[in-house]
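I opened the notebook to go through one model element by element, writing down what I looked up and in what order.

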Amino acid sequence: FVIVISRSVQLLFCLPKTMKVSSAALSLLALFSNVAPSVGAECTHGKLYVLDNSTSNVHIFDVSEGKLDGLTEEGTLVMPSRGAGELVYYGTSGDPLVIQYRGKEEQGYKDGFVRVVNTGFSYDSHDDHGHMEYASPSIYENANIDDCARPIHQVRHDKKIAIFCDGYFPQDNTTDQVNTTVHVVDETLLGSSQSAVAHTVVLEGTHHGVAVPVDDGHLLHSLALPGRIAGVEGASPLPSTFQVIDYEGKVLHELSDTSNPNTHCSGFHGSAPLSNNFLLACDEVHGGIVHVEYDPASGKYTSRAVTYPPDEQYEGFRMGSFAYHKKADHVVGSFSLRGGTEFHLGAITADSPTDLQESNILTLPGNERQCAYQFEVGSGELLLVFMPNGVLHVFEIENGAFTEIAQKTIVPNMKSCDEAAFVAGIGQAFVATPETKTLYAIDLHDVEEGELDVSESTLPFFPSGMTVSGFDYDHVCMMEHDDHAHDHDKDDKSGAKKMTSMFGMIAMMGALFVCW
């Protein structure tokens with residue numbers, strides 16, 4: 001084997017200077033020198049968008065080729081000045097980018113706005129290949145929303161983005177409440193001559209709920225409690241009932257029977273859209289999740305409860321948010337005790353949800369609440385959990401069971417979630433600390449071997465939130481995933497790499513010796 005390889009390398013080095021080296025030979029050298037080839041133009045890691053903690057600027061960092069050392073800002077987007085220092089991003093990473101400003105309470109949040117950003121990403125496909133391009137980013141002017149009081153949740157599905165504007169509920173009776181409004185942005189209309197805001201609906205009362213675009217121009221949305229509509233002091237902002245409407249306002253389905261756990265979701269907080277399946281996280285009184293399913297062939301909806309464990313040790317627990325990914329086998333929910341003294345994560349099968357089992361529950365490190373938990377954006381095979389002590393934990397989930405494969409302290413001496421912002425990327429992750437203006441970029445490509453490579457950059461501004469955009473899921477740079485590569489065969493993989501490098505070195509030295 002060594003002789004054959006040595007002869008190949010010898011031929012490469014002993015060629016006359018006028019002859020060209022073949023690409024196969026260059027690939028051979030790259031293999032033996034253990035140098036990872038540069039990312040080609042047919043996939044991307046996207047770009048990192050960092051919100052400014054003191055201005056209305058959105059700062060852009062190019063991480064598309066996977067290079068994380070010495071990141072520098074490549075450009076800036078400027079949002080309306082009234083959002084200075086208070087811009088936010090909610091929802092999963094995606095393209096186009098949606099930036100929100102919640103508004104000021106003294107104005108009833110009526111000055112809130114939403115901007116949809118054209119990241120400049122495009123993919124040109126040819127016969128047997130393609131390549132990506134990035135034009136300068138800009139704001140889609142035909143998707144501007146300026147009547148969105150306190151925009152919180154944004155949900156993407158069916159090439160549409162539903163923006164839920166909570167509204168304003170005054171703490172006294174001196175001012176009127178501002179009703180909840182839902183705006184639906186049609187991605188296929190962005191940049192066209194007509195408005196991309198394809199549908200707007202005003203919901204009676206003010207509440208902290210959600211709207212989910214469904215296929216065939218349907219919209220699943222929450223409804224405010226009667227007490228909120230009536231302005232009753234102390235009425236919960238969390239909804240219990242839902243309905244599905246079309247863009248003409250016709251009610252197609254209702255989840256309004258509060259005596260039946262299959263048809264309501266008391267204390268709702270958290271949703272996950274998965275193809276034509278939708279999960280709604282309910283409180284401990286309800287005792288589970290509501291799974292809503294839409295059948296496009298019949299146009300019918302069904303719903304059923306997916307229960308939390310009945311064990312006494314989980315009495316008073318509820319799910320309050322979800323991490324989900326279109327390619328992931330599981331949806332992960334934040335499963336915590338009311339009052340905030342015990343914190344867990346729970347894994348639920350994505351395609352056909354079943355009752356949450358104790359074996360599918362992870363107690364968080366130190367039994368503390370996580371700062372963030374998100375799936376790696378490219379493949380959705382890794383769950384990243386960032387904790388208040390600055391440690392990043394990486395998990396695989398198989399059959400609902402969590403297995404930690406790596407952990408590393410990213411921010412030394414961190415004490416609370418307020419000290420940092422986190423976002424998962426494509427084979428990458430990022431942490432920014434406002435006080436020190438530091439950006440930590442984490443490379444996940446060796447995570448199967450328990451390694452997390454961290455690069456640090458100093459930012460010229462105070463960061464707040466972050467997200468990754470400028471990609472589509474068909475052209476992301478996928479991480480190589482070796483099932484069960486951790487632990488039992490880690491040494492085998494490491495040894496194989498060392499043997500390959502050794503053979504390569506011997507071959508190269510032999511070739512050079514013959515040439516000399």
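Is C148 buried or exposed, judged by its relative accessibility? I found that C148 counts as buried, at 0% relative accessibility, where buried means under 20% relative accessible area, exposed over 50% and partly exposed in between, with a 1.4 Å probe and protein chains only.

Before going on I noted the ground rules: this is a predicted model, in which local features need pLDDT of at least 70 and side-chain atom pairs count only at pLDDT 80 or more, while totals for chains, interfaces and linings use all residues. Residues are numbered from 1 along each chain as its sequence is written, and side-chain values use heavy atoms, with hydrogens and water left out.

**Disulfides**

I looked up the disulfides next, taking a disulfide as a pair of cysteine sulfur atoms within 2.5 Å, and the structure holds four of them. C148 is joined to C165 with an S to S distance of 1.8 Å, and this link is left-handed, with -100 degrees about the S-S bond. C148 lies in the loop between β9 and β10 (151–157) and C165 in strand β11 (residues 160–165), so the pair ties together parts that are 17 residues apart in sequence; for the element names, helices (H or I, at least four residues) and strands (E, at least two) are DSSP runs numbered from the N terminus. C165 is also buried, with a relative accessible area of 1%.

A disulfide with S to S 2.0 Å joins C265 to C282, and because the torsion about its S-S bond is about -120 degrees, the link of C265 and C282 is left-handed. I placed C265 in the loop between β17 (251–255) and β18 (271–274), and C282 in the loop between β19 (277–281) and β20. Both C265 and C282 are buried.

For C371 and C417 I noted S to S 2.0 Å and -90 degrees about the S-S bond, which is again a left-handed link. This pair links distant parts of the chain, 46 residues apart, with C371 in the loop between β25 (361–363) and β26 (372–375) and C417 in the loop between β29 (401–409) and β30 (421–424). C371 counts as partly exposed at 26% relative accessibility, and C417 counts as partly exposed at 28%.

**Strand pairing**

I then turned to the strands, where two strands pair if DSSP finds at least two bridges between them. An open sheet of four strands runs in the order β4-β5-β6-β9 with antiparallel pairing, and its edge strands, β4 (87–88) and β9 (138–139), each pair on one side only. Within it, β5 (residues 97–101) and β6 (residues 113–118) are paired over five bridges, and I traced Q100 to its bridge partner V114 in β6.

Elsewhere, eight bridges join β20 (residues 288–295) to β21 (residues 300–307), and these strands run antiparallel; here the partner of I289 is V306. The hairpin of β20 and β21 has four residues between the strands, and G299 takes a positive phi near 75 degrees there.

**Cores**

Which residues of the largest nonpolar core touch the most other members? Taking a nonpolar core as a set of buried Ala, Val, Leu, Ile, Met, Phe, Trp, Tyr and Cys residues joined through side-chain atoms within 4.5 Å, I found L384, F386, L392, V394, F422 and V431, out of 22 residues. The elements that give two or more residues to this core are β27 (382–386), β28 (391–398), β29, β30, β31 (428–433) and β32 (438–443), and the largest share, three residues, comes from β27. Apart from this core lies another, of 20 residues, among them I426, A441, L459 and F461.

I426 came up again with H45, whose side chain reaches the backbone oxygen of I426 at 2.6 Å. H45 sits in the loop between α2 (23–32) and β1 (47–52) and is buried, with a relative accessible area of 2%.

Conventions. A polar contact is a pair of N or O atoms within 3.5 Å; within protein, one must be able to donate a hydrogen and the other to accept it, and residues adjacent in sequence count only if both atoms are side-chain atoms.
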